[in-house]
Amino acid sequence: QVQLVESGGGLVQAGDSLRLSCAASGRTFSSYAMGWFRQAPGKERELVAAMAWSGRSTRYADSVKGRFTISRDYAKNTVYLQMNSLKPEDTAVYYCAGPLWSDYDGGDYWGQGTQVTVSS
């Protein structure tokens, strides 16, 4: 059974940092693009960051460029999202997904989500 399990969310203040982790099990995702999405109340889900299978190509939402960094540990089958200089508008449920579809607007598998709340 394939599972993606996120962890690392929490309540922080503006300007703080968090690192989210997404541990995959049941299959290896090393040959596939992986990504992080988020959904805030009343808003549509959006792609936050994605990384190609090779790790050489990344994509970020304009709103997080320069603040968030996606990375992956192939040996651990784990994807990370380092979030720095957090803002209240980053508050959302964050989901890990993969393998990503070709246009990076979704994935075959999803984690259960982890809540990130940034207070001002």
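Where is the place of P99? I found P99 in strand 9; strands (E, at least two residues) and helices (H or I, at least four) are DSSP runs, numbered from the N terminus.

**Basis of the entries.** I note that this is a predicted model, in which local features need pLDDT of at least 70, side-chain atom pairs count only at pLDDT 80 or more, and totals for chains, interfaces and linings use all residues. Residues are numbered from 1 along each chain as its sequence is written, and side-chain values use heavy atoms, with hydrogens and water left out.

**The chain as a whole.** I looked up the elements and found 0 helices and 11 strands in the protein chain. The radius of gyration is 13 Å, close to the 14 Å that the globule rule gives for 120 residues, so the protein chain is as compact as a globular protein of that length. The radius is taken over C-alpha atoms, and the rule is 2.2 Å times the number of residues to the power 0.38. Along its principal axes, the C-alpha trace spans about 40 × 25 × 25 Å.

I then looked up burial: 43% of the 120 residues count as buried. Buried means under 20% relative accessible area, exposed over 50%, and partly exposed in between, with a 1.4 Å probe and protein chains only. The accessible surface comes to about 6,200 Å², of which 46% belongs to carbon and sulfur atoms; such areas come from the Shrake-Rupley method with a 1.4 Å probe, and for residues only the protein chains shown count as cover. Of the contacts (heavy atoms within 4.5 Å) with a separation of 6 or more, 56% are between residues 24 or more positions apart.

I returned to P99 and found a cis peptide bond joining G98 and P99, with omega about -15°. G107 itself is in strand 10 and is buried, with a relative accessible area of 3%.

**The loop between them.** Y104 and D105 are found in the loop between strand 9 and strand 10. Y104 has a positive phi, near 60°, in a residue other than glycine. At 14% relative accessibility Y104 counts as buried, whereas D105, at 40%, counts as partly exposed. I recorded that D105 touches F37 and R45, not counting residues up to four places away in sequence. D105 and E46 are 59 residues apart in sequence, and their C-alpha atoms are 7.9 Å apart in space.

**Another positive phi.** S85, in the loop between strand 8 and strand 9, is not a glycine, yet I found a positive phi of about 50°. S85 is partly exposed, with a relative accessible area of 41%.

**The cavity.** Among the lining residues I noted L4, C22, F29, M34, R72, D73 and Y74. Strand 3 (18-25), strand 7 (68-73) and strand 8 (78-83) are the elements that give two or more residues to this lining.

How values were computed:
On a 1 Å grid over the protein atoms alone, a cavity is a set of points where a 1.4 Å probe fits but cannot get out, and a pocket is an open set with protein on both sides within 12 Å along at least five of seven lines; lining residues have an atom within 4 Å of a point.
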